[in-house]
Amino acid sequence: VHGPMHPEVARIELNLVHALTSTGRSGDLPEAVAIGREALGRVEALYPVGASMRADAGSRLAAAYLQLDSLDVAEPLLRDVIRHRVARRRFAEAETLHTQALVARRAALGDRHPAVASSIQDLGLLALARGDTAAALAHFLDSSARWQASAVHRAASADRVRAASAAFALGRHPLADSLARAVIARDTTGGAPALAVARAAELTG
């Protein structure tokens, strides 16, 4: 018989959390969270920082919180899991988690909230990390427009430069030039970060 701090106990708990969050019954979610919290505490005591088991436990618990619409609690767990997945080049899993965060933010905050732009930016950065420049361009064009609509001008400029760099890499030079010049024009009002302006200037030649 395993003692309470045996790794197998944590694995059983995490499997139970997954089962409870997969039933489609909202009444099962509080129990899933309670078991998930216990499992995460057990895993943190058993495994070092960066261990896959920690990330797995965080992912299961975050899924339960998201179904309960507890976005503020789920997001820190998701960030830790995503960092783990990206560090190990498990990009498909990281993309799934980013997409879950995006869906949850849209549901909780509305489609026009700056946090939605931030999630789309995260997807763009992930696309760059896995070498999908075309997807990165699409995400950065989307996020920069959303930042601009929310009057978050510095973030809009930063993502326009990222989009311009991606467009340039794809051979879409007119688009890259247009985006870069928009950043430089924005600098006249003091709304663009200096590094973004410098990179934009490089892209315009």
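The side chains of Asp 111 and Arg 146 come together in a salt bridge, with N and O 3.3 Å apart; the term covers a side-chain nitrogen of Lys or Arg within 4 Å of a carboxyl oxygen of Asp or Glu. This pair ties distant parts of the chain to each other, as Asp 111 sits in the loop between helix H5 (91-109) and H6 while Arg 146 belongs to helix H7, 35 residues apart. Helices here are DSSP runs (H or I, at least four residues), numbered from the N terminus. Asp 111 is partly exposed, at a relative accessible area of 37%, whereas Arg 146 counts as buried at 19% relative accessibility. For these labels, buried means under 20% relative accessible area, exposed means over 50%, and partly exposed is what lies in between (1.4 Å probe, protein chains only).

The model is a predicted one, in which local features need pLDDT of at least 70 and side-chain atom pairs count only at pLDDT 80 or more, while totals for chains, interfaces and linings use all residues. Residues are numbered from 1 along each chain as its sequence is written, and side-chain values use heavy atoms, leaving out hydrogens and water.

Searching the whole structure turns up 16 salt bridges. One of them joins Arg 85 to Asp 56, with the closest N and O atoms 2.8 Å apart. Here too, distant parts of the chain are linked: Arg 85 lies in helix H4 (residues 71-87) and Asp 56 in helix H3 (residues 52-67), 29 residues apart. Arg 85 is buried, at 5% relative accessibility, but Asp 56 is partly exposed at 29%. Through shared partners, salt bridges also gather Asp 56, Arg 85, Arg 90 and Glu 93 into one network.

Glu 8 is partly exposed at 29% relative accessibility, and Arg 11 is partly exposed at 38%.

Now for the helix packing. Two packed helices are described by the angle between their axes and the distance between the axes. Axes are lines fitted to C-alpha atoms, for helices over the stretch in contact, and angles run from 0 to 180 degrees between N-to-C directions. The axes of H6 (residues 114-129) and H7 (residues 133-149) come within 8 Å and cross at roughly 160 degrees, so H6 and H7 are roughly antiparallel, a label for angles over 145 degrees. The crossing of H6 and H7 is left-handed, meaning that the near helix is turned anticlockwise from the far one by less than a right angle. In contact terms (heavy atoms within 4.5 Å), the H6 side includes Pro 114, Ile 120 and Leu 128, and the H7 side includes His 139, Phe 140, Arg 146 and Trp 147. The residues of this contact split into 12 nonpolar, five polar and two charged. In that count, Ala, Val, Leu, Ile, Met, Phe, Trp, Tyr, Cys and Pro are nonpolar, Asp, Glu, Lys and Arg are charged, and the others, Gly among them, are polar.

H7 also packs with H8 (residues 153-169), their axes coming within 8 Å and crossing at roughly 155 degrees. H7 and H8 are therefore roughly antiparallel, and their crossing is left-handed. Among the residues in contact are Phe 140, Leu 141 and Trp 147 of H7, along with Ala 156, Asp 159 and Arg 160 of H8. The contact of H7 with H8 divides into 10 nonpolar, five polar and three charged residues.

Note on methods. Helices (H or I, at least four residues) and strands (E, at least two) are DSSP runs, numbered from the N terminus. Angles under 35 degrees count as roughly parallel, over 145 as roughly antiparallel, 65 to 115 as roughly perpendicular and the rest as oblique.
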